[in-house]
Amino acid sequence: MTAPEPMLHPELLASDDAEAIVRDGRRLDHAEAASKPLRPRPEPQPRGAEAHGRRPIDQAEAAARFIAAPAHEMMHDERLWDLRQKRDREMHGIDEWEELRELAAAIKEHALTRLDEYLEQFEANARTNGVHVHWAKDTAEHNRIVHGILQDHGAKSLIKSKSMLTEECGFRPYMASVGIDVVETDLGERIQQLDNEDPSHVVVPAVHKLRTDVAEVFARTIGTDPDNSDVHYLAKAQRQATRPLILAADAGMTGCNFAVAETGSVVVCTNEGNADLSANVPKLHIASIGIEKIIPRLDDLAVFVRLLSRSALGSPITQYTSHFRGPREGGEMHFVLVDNGRSDRLGMEEFWTSLKCIRCGACMNTCPVYRRSGGLSYGATYSGPIGLIIDPTFNAHKYSNLPFASTLNGSCSNVCPVKINIHEQIYAWRRELVKRHEVPLAKRVAMKAAGELLSHPAAYRAAIAAADTALAHLPRFVIYNGLNAWGRHREVPHPPKETFHGWYQANRGAKE
Amino acid sequence: MRIGLFIPCYIDAFFPEVGVATLELLERLGHEVIYPGDQTCCAQPMANSGFNAECADTEALFVRNFAGFDYVVAPSGSCVHHVRDNFDAIEQTAEVREVRARTYELVEFLHDILKVEAFPWARFPHRVGLHNSCGTLRRLKHATPSELHEPFYSKPLDVLSKVEGIEFVTPARPDECCGFGGTFSVFEEVVSTEMGYDKVSDHARAGAEYIVSADSSCLMHQQGCAERIGVPIKFIHIAQILNGASA
């Protein structure tokens, strides 16, 4: 056994600062005679995809802007690749890893195919435990229900832990519109909230930010020194700014990693203990739960707990695995079970298994496109490979470009702890979008022409007979928009003297 | 054994030497190799973009060209992946299923079917970095992908190890995608080329003189990227090394 590495929040990990001055093991940022030389302004943070009315999100455009900020792109790629490597190390420590994945996938598939039964069991057990259970068919209903609960208690402020479901619901903007203060307690999510930006990753929401970006946000919002981007300083300042808000909050909210049917309890996994603060400091606890989070038994949880953090961050387990079963004395607990399209997805033959997702983010960490694009380039709640197959179920038109933001390399499916065939579903979504006429006309015309040319040998031969005509035709039929996009950032292939076909005719023609 | 030689469109037009090496190699190994003259493509370019209906006529043409051979062999993992795993725009008659099942990528054909023990004519005294394309690695299962907890194996390394003088270097991210991805290479050209730059730089840092692969399409993309950013590295298809190319 090797000693565990000191735990530092992965979003704040950064490469060593060569200019840092360290004395007696402590870093001196403002010591007299140790001030840093003046430096040029740090690279500004590239922002995410831009919305243009009803036009589909242009992921490629936003990704290009991310890459045009090399300090961000390199940091992002390396930081997430580091998580992927740590995941691999953890995997190699467990002989039955592949068996665990099989088991996790089977449990999830079992639960999803009997979702109605398990949800009713969960509801009945939760009620027995003294929990109020609500059902929301969509995001608007979720937000109204939560608002209603808060009104009943006269609550004006809410602290919450991170929840992708509440991102789906546009929860913070809704609460702002009804005059309720929401404070995110997860560090990364808080950074994003203060910067008025969506999370870019399901586990590490601010992973696309350099610490200089965080310093800029905190300087603007909580009054830190704009020139101090020391991670410990920033983390401490944020804690000091947020703790009083936590202590004064009227209500607390968490998401849910697993909802256990046989106990009627919800399980929340965090590294900062912030879910416990959110749930336990105020007397009112509301948990927002996607209906696909159901697992049948407490025993099943063991399988997922072994997989979740290893897949997500390459750590054996999250620092906190908190079980919430019922309200404490004098308190109240509410579960809001949210559908928001999940029942419809369950009915989609090719895509229903995407509901197995446990939101570990391993597919994002391994995805070479995601690592170089940044999560905000997807312009959707869910980014990366899992986003490519979930987002179009919410809006096939708006997210019609996303399934094309993939090389179909398949690494995502291999790291997925619940064995979702992500890359095959990306491929299936491309077919589905063509069927629904959700691809641009130019591409449709080009592909039709390609199909014509490639099915007529004589026309095909004429098109690529000579090297220069091959250069003109081949990329155009293989790749619909020709040499422009090929040659902008890389050289075109060097045309040979003759095609293989020509060589064969000349050298082996008699054999044919 | 009658082998139908499938030379995909990219190789036909831009890398004829790869087709020639594949043909000569299979002939050296004592097999009758026939190149059906009316072949064009496997239909992957349309399929990869979601246009399955547009694949039908090209897939039918492929079957007309390659029905009746003992094996169909191609020096391209991604095309073989399409034929074997996604070639479903046409009715799956017994003949279609037969052609699909008999289609092999060159390395797996040498390794699994012919079980070739030696390439006495081959000598390649160079440091090479092996690039397993994602199609060969994760679909055709040429080797253990780094994501899975499986005993290590690698068909391309097994085969290449039989070449005299060859020396392998290992990049830091051995099975990271190079960013070609078919239509992705132009649909997301900035991300695609960024991935390509990273890939060729990784091999160069590991000390590779050559990047060797069973897929010319990845090599074409990587070569374009290397030339653009000035990484002095050469590219060669595995068929050429096995057929005795000296450099």
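Chain A is divided into domain 1 (114-343) and domain 2 (441-511), with bounds that come from an automatic or database domain assignment, and the C-alpha centres of these two domains lie 54 Å apart. The model is predicted, and local features need pLDDT of at least 70, side-chain atom pairs count only at pLDDT 80 or more, and totals for chains, interfaces and linings use all residues. Residues are numbered from 1 along each chain as its sequence is written, while chains are lettered from A and ligands numbered from 1 in the order in which they are written.

Between the chains, 59 residues of chain B are in contact with 63 residues of chain A, two residues being in contact if their C-beta atoms, placed from the backbone, lie within 7 Å. On the side of chain B that touches chain A, α11(B) gives the most, with seven residues; helices here are DSSP runs of H or I of at least four residues, and strands are runs of E of at least two, numbered from the N terminus.

Within chain B, strand β5 (residues 127-131) has four of its five residues buried, a residue being buried if 20 or more other C-beta atoms lie within 10 Å of its own, exposed if 12 or fewer, and partly exposed in between, with C-beta atoms placed from the backbone. Strand β5(B) runs parallel to strand β6 (residues 167-169) of chain B, to which three bridges join it, and V128(B) stands opposite F168(B) in β6(B). With strand β7 (residues 210-213) of chain B, β5(B) pairs in the parallel sense over four bridges, where pairing requires that DSSP finds at least two bridges between two strands.
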